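Could you have the model open while you read my notes?

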Amino acid sequence: MRTLIVAAALAAIALSTGPATAQSPIVIKFSHVVANDTPKGKGALKFKELAEQYTGGKVKVEVYPNSTLYKDKEEIEALQLGSVQMLAPSTAKFAPLGVKEFEALDLPWLFKDEATYAAAMKGEVGKWLFNKLEAKGVTGLAYWDNGFHMTSANRPLINPTDFQGLKIRISGSKIADRYFRDLGSIPQIMAFSEVYQALQTGVVDGCENTPSNYYTQKFFEVQKDITVSYHAHLQYAVIVNTKFWKGLPEDVRNQLTKAMDEATDYTNSIASKENEDALAAIKASGKTNLHYLTDEQKAAWQKAMQPTYKWAKSRVGGEVLDLLAKELHVAM
Ligand code: LMR
């Protein structure tokens with residue numbers, strides 16, 4: 001009798017889990033807002049390729065680029081609700097999640113160059129920021145690079161006074177809001193997918209972004225003047241829904257971690273070149289004027305934006321600023 005019951009129980013388990021697991025892979029919906037042909041877009045596709053390979057098809061990654069599934073704010077809500085499993089938003093967009101500390105990374109001229117940025121994020125501050133996400137049901141897996149912001153309008157932006165009165169689209173960070181206000185402009189948060197039209201129709205006068213985003217979204221076609229200012233850095237955090245991530249079988253999670261680590265190295269290794277190529281293509285198009293700041297002009301921008309540093313503490317708190325100061329060997 002006992003054997004019979006055990007056999008029946010085993011058969012029931014086989015019926016309920018066996019064929020289903022064999023046939024239905026675990027699906028990871030990976031939503032993002034940029035084009036495939038950008039550092040993040042290519043990184044997402046690389047992760048898909050490696051994840052599917054390393055898990056032997058147990059996992060299927062569906063990449064949704066260009067806001068085709070969700071726009072900026074919605075995608076973060078969707079991740080928390082479990083409607084998508086993976087995102088890579090700019091860290092400037094994390095305040096709605098209740099983690100304003102990430103905005104410290106948007107401070108103007110915080111990172112001297114790419115190498116300084118990369119080294120800093122590998123240190124304590126990168127891990128500390130990811131710890132902050134855990135309480136929100138979100139796990140940080142990696143930081144992906146997309147270089148430095150340029151800024152643009154339909155007039156040359158050379159001196160701080162040139163920004164006076166301009167409506168500038170920003171992606172979400174109050175730090176960016178603040179430094180554009182320091183320059184006398186009027187910042188406005190807007191979803192990435194709406195920027196091209198807003199620039200074209202004059203809803204906003206200007207924006208900031210990296211060359212790869214200017215190029216693939218065609219912002220350069222609707223902005224007469226772009227200043228290659230590289231005044232702030234754009235980085236992403238690849239994040240997952242914690243419940244989903246922790247609920248994965250351990251072997252699968254390990255394979256996905258390996259895929260993510262390799263996709264991260266790949267993305268970060270191509271970011272600079274992708275942006276250089278995009279800038280060259282923008283230049284070659286002849287559709288906009290590129291401006292470069294002299295040392296003196298750059299110093300004037302830095303001076304004008306300096307109040308943001310004083311103000312930042314009230315927004316992001318002293319702890320993250322201290323961690324950054326330590327990592328970068330600077331006083332803040
Ligand atoms: C933006 O909204 O400007 C950027 O965050 C878009 C992106 O993801 O690169």
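The points below cover the ligand site and then an open pocket.

1. A word on the basis: this is a predicted model, where local features need pLDDT of at least 70 and side-chain atom pairs count only at pLDDT 80 or more, while totals for chains, interfaces and linings use all residues. Residues are numbered from 1 along each chain as its sequence is written, and side-chain values use heavy atoms, with hydrogens and water left out.

2. The ligand sits in the largest cavity (a set of points on a 1 Å grid over the protein atoms alone where a 1.4 Å probe fits but cannot get out; sitting there means that more than half of the ligand's atoms lie within 2 Å of its grid points).

3. Residues around the ligand (a heavy atom within 4 Å) include Val33, Val34, Lys40, Arg169 and Phe192. By class, the shell has five nonpolar, four polar and three charged residues (Tyr counts as nonpolar, Gly as polar).

4. Do look at the polar contacts (N or O pairs within 3.5 Å). Ligand oxygen atoms lie 2.4 Å from a polar side-chain atom of Tyr236, 2.7 Å from one in Lys93 and 2.9 Å from one in Asn213. Taken alone, the ligand exposes 270 Å², of which the protein buries 99% (Shrake-Rupley method, 1.4 Å probe).

5. The largest pocket (an open set of grid points with protein on both sides within 12 Å along at least five of seven lines) holds about 650 Å³. Its lining (residues with an atom within 4 Å of a point) numbers 30 residues, and Trp109 and Tyr309 are among the closest to its centre.

How values were computed
A polar contact is a pair of N or O atoms within 3.5 Å; within protein, one must be able to donate a hydrogen and the other to accept it, and residues adjacent in sequence count only if both atoms are side-chain atoms. Grid points are joined across faces, edges and corners, and a volume is the space filled by probe spheres set on the points.
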